[in-house]
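Subject: Structure for your files, with notes

Hello,

Here is the structure I said I would pass on. Please look through it first; my notes follow below.

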Amino acid sequence: MKRLHLPSVLLLAGLFAMNGFAQVPLTLEMIYKQRSPLATQSFGGMKWLKDGNGYSRLEANTDTEGMDIIRYDAATGNKNVMIPASNLIVKETGAPLPVSDYIWSPDNTKMLIFTNTRRVWRQNTRGDYWVLNLQSGELRQLGKSLPATTLMFAKFSPDNNKVAYVSNNNIYVEDIANQTITQITFDGNQDIVNGTFDWVYEEEFGCRDGFRWSADSKYIAYWQSDTRGTGVFYMINNVDSIYPSLIPLPYPKVGTTNSAVKVGVIQAGGGTTQWIPIPGDERNNYIPRMEFIPNSNELMIQQLNRLQNTNKVWIAEAGGSKLENILTETDAAWVGLNDNINWVDKEKFFTWTSERDGWKHLYLVSRDGKNMQPITIGNYDVESVAGIDMSQGYVYFISTMDNYTQRDLFRVKLKGDGKPELVSPKDQKGQHRYSMSPTGKWAIHTFNSSTTPPMIDMVAFPKGNSVRMLVDNSAVKKVHDDMGLQYKEFVKVDIGEIILDAWVLKPKDFDPAKKYPVIVFVYGEPASATVQDNWGPNLFDQYLLQQGYIVVSIENRGANVPRGREWRKSIYGKIGILNASDQAKGIVAMGKMFPYFDMTRIGIHGWSGGGSSTLNAMFQYPDIYHTGVAVAFVADQKLYDSISGTLYGTS
């Protein structure tokens with residue numbers, strides 16, 4: 001959904017009201033040709049500053065038509081201009097530099113500006129970079145001798161003197177003072193990918209930025225992917241000229257050859273790459289995570305086997321011979337990646353997430369892996385870590401204890417009895433998100449529910465008290481209500497084996513004495529969930545209500561909700577079977593719960609995994625589902641990529 005500033009939302013809502021939008025039925029033209037009057041204002045573009053007491057944001061400067069970078073004080077909300085837009089004007093053209101993103105140097109004396117961005121796969125990760133010296137005011141483009149808009153993932157060295165980046169699948173290091181550019185890899189081409197990733201690693205593991213600086217700025221560790229031998233899928237470009245062209249895309253499908261992926265370390269000044277000798281076939285193992293341990297030249301590397309049921313954690317030494325497997329996580333189905341790793345107590349311990357006791361919990365692990373103690377204990381899942389307050393010894397995490405459609409913030413002692421303490425407000429039932437400051441003293445808090453659009457405020461810890469409102473989207477709720485739109489009704493559905501969550505949307509003029517055709521919205525696979533108590537009114541659903549339908553969604557087993565390992569992984573090897581069965585049993589049970597469901601007119605639709613679920617439901621249960629629309633589905637798992645295929649019991 002496109003984001004609008006709140007004044008735009010109110011103006012647009014007024015225009016709709018003037019045109020009778022609130023009084024007349026929705027049309028598909030209204031929904032898909034006009035901007036939604038229900039768009040909410042976000043609080044994007046903020047970055048916590050190093051001291052943890054303030055944050056920066058980009059704000060338009062009407063005088064220069066550029067962007068100021070503003071500092072806001074977390075405690076008071078007072079602001080001052082850190083970098084005026086006048087400092088970001090290109091001398092040669094006199095034009096303001098369009099800012100897509102900015103990155104502070106470790107010592108906050110310099111800044112990288114990312115501009116002229118281009119999309120690579122799903123996101124804009126390629127473009128131009130400029131460096132701004134905050135002391136001298138000098139603004140200078142990096143990589144000027146390289147092809148324009150080819151730089152990716154530029155980042156300062158920890159000593160603030162250099163910037164490394166990727167261009168055309170090779171890695172470069174540029175000295176900021178003398179502008180010397182040193183190419184440190186030379187074999188990058190269409191087949192050999194250095195410092196970034198092929199399509200499947202980005203799509204399934206979220207890997208994009210493919211290199212890291214060591215703490216002493218002497219080394220760069222990077223991924224290399226050799227796509228030779230991987231099957232090629234050809235996309236057809238019909239829009240650039242009167243004749244089509246073919247775009248080759250290395251795409252490993254289930255059971256076929258993967259790219260060979262390895263990790264190497266090279267000196268920042270160039271030289272010979274030292275390849276980390278991790279055991280195992282490079283084409284039949286994955287390396288989805290690699291980071292330098294803070295304040296060291298040691299790398300922590302996560303290695304998954306092709307079946308993704310084993311995650312081996314290795315410690316390797318840059319420039320040395322050390323390679324040690326300190327931890328191995330296994331599961332009969334699949335193991336998840338660990339992105340909740342935080343180093344504590346002067347890097348003597350790190351946090352680790354595991355489902356080894358049947359629930360997703362946090363553990364504190366010694367650097368050598370020999371000591372592993374639980375941080376959280378109980379029949380609940382830790383969905384994510386919001387932050388750590390080392391001064392008080394608390395970990396803050398997102399979870400739910402009794403309602404799987406909602407999320408709250410809890411805290412627990414790093415070294416304690418594992419008993420969680422609720423931090424988010426008890427009177428706000430829905431979903432909470434927090435962006436915590438580096439010190440753990442402040443956070444940007446977002447609350448929303450199915451009846452409350454996102455409300456964003458600044459909160460202070462340890463109690464999580466609200467300091468001031470940052471974004472108030474309550475006007476959007478008024479627009480929703482003025483338009484006569486309906487809210488979801490959450491229900492529990494007992495299918496005998498388990499109780500499922502579901503929601504129901506009914507027409508405004510609902511009459512329980514009538515029979516209504518029912519449309520089921522489904523996803524049903526491990527990557528997402530549909531039955532969640534969050535804001536997100538869908539105008540197409542509301543359009544269906546106005547046509548006399550009831551709309552429902554049912555959360556089957558295997559969906560990505562915090563209900564424990566057994567819930568999530570019972571679908572292993574049964575995708576298309578278990579989820580289709582739960583969906584079918586769920587809608588039949590709802591038909592008995594709600595006699596106004598017309599069980600002779602049940603439709604179903606979904607996108608991606610929901611498209612696959614739609615096909616499985618229709619073909620396996622044709623006596624239940626009478627029509628359906630499947631979008632972007634996987635009809636045959638042999639046609640899917642090798643990494644996601646693992647969740648289906650294939651690879």
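Which residue caps the N-terminal end of α5? The cap is N538, with a side-chain oxygen 2.8 Å from the backbone nitrogen of F540. Please keep in mind that this is a predicted model.

Helix α5

The helix covers residues 539–546, and six of its eight residues are buried, so the rest of the structure largely encloses it. The buried ones are L539, D541, Q542, Y543, L544 and L545. After α5 comes G548, which has a positive phi, near 95°.

In soluble globular proteins, nonpolar side chains tend to be buried together. Here the largest nonpolar core holds 30 residues, and Y201 and I301 have the most contacts inside it. Two or more residues of this core come from each of α3 (199–205), β15 (219–226), β18 (260–267), β20 (285–292), β21 (298–305) and β22 (310–317). Leaving out residues up to four places away in sequence, I301 touches V263, I276, I278, I287, R289, M290, K312, V313, W314 and A316. There is also a second, separate core of 27 residues, with A502, V504, M590 and F594 among them.

Nonpolar patch on the surface

Some nonpolar side chains are on the outside: V232, Y234, I236 and L246 form a surface patch with about 420 Å² of accessible area together. Strand β16 (residues 232–237) contributes the most to the patch, namely three residues. Y234 is found in that strand. Its relative accessible area is 47%, which means that Y234 counts as partly exposed.

Q373

This residue lies in strand β27 (residues 372–374). Setting aside neighbours within four places in sequence, Q373 is in contact with Y363 and L364. L362 is 11 residues from Q373 in sequence, and the two are 8.8 Å apart in space, C-alpha to C-alpha.

Regards

Technical notes:
Residues numbered from 1 in each chain as written. Predicted model: local features only at pLDDT ≥ 70, side-chain atom pairs only at ≥ 80, totals over all residues. Heavy atoms only, no water. Patch = residues over 30% accessible without salt bridge, like charges linked within 9 Å, V, L, I, M, F, W, Y side chains within 5 Å. Areas by Shrake-Rupley, 256 points an atom, 1.4 Å probe, with all protein chains shown as cover. Salt bridge = Lys/Arg side-chain N within 4 Å of Asp/Glu carboxyl O. Helix = DSSP H or I, 4+ residues; strand = E, 2+ residues; numbered from the N terminus. Buried < 20%, exposed > 50% of the residue type's maximum accessible area, 1.4 Å probe, protein only. Contact = heavy atoms within 4.5 Å. Core = buried A, V, L, I, M, F, W, Y, C linked by side-chain atoms within 4.5 Å. Polar contact = N/O pair within 3.5 Å; in protein donor to acceptor, adjacent residues only side chain to side chain.
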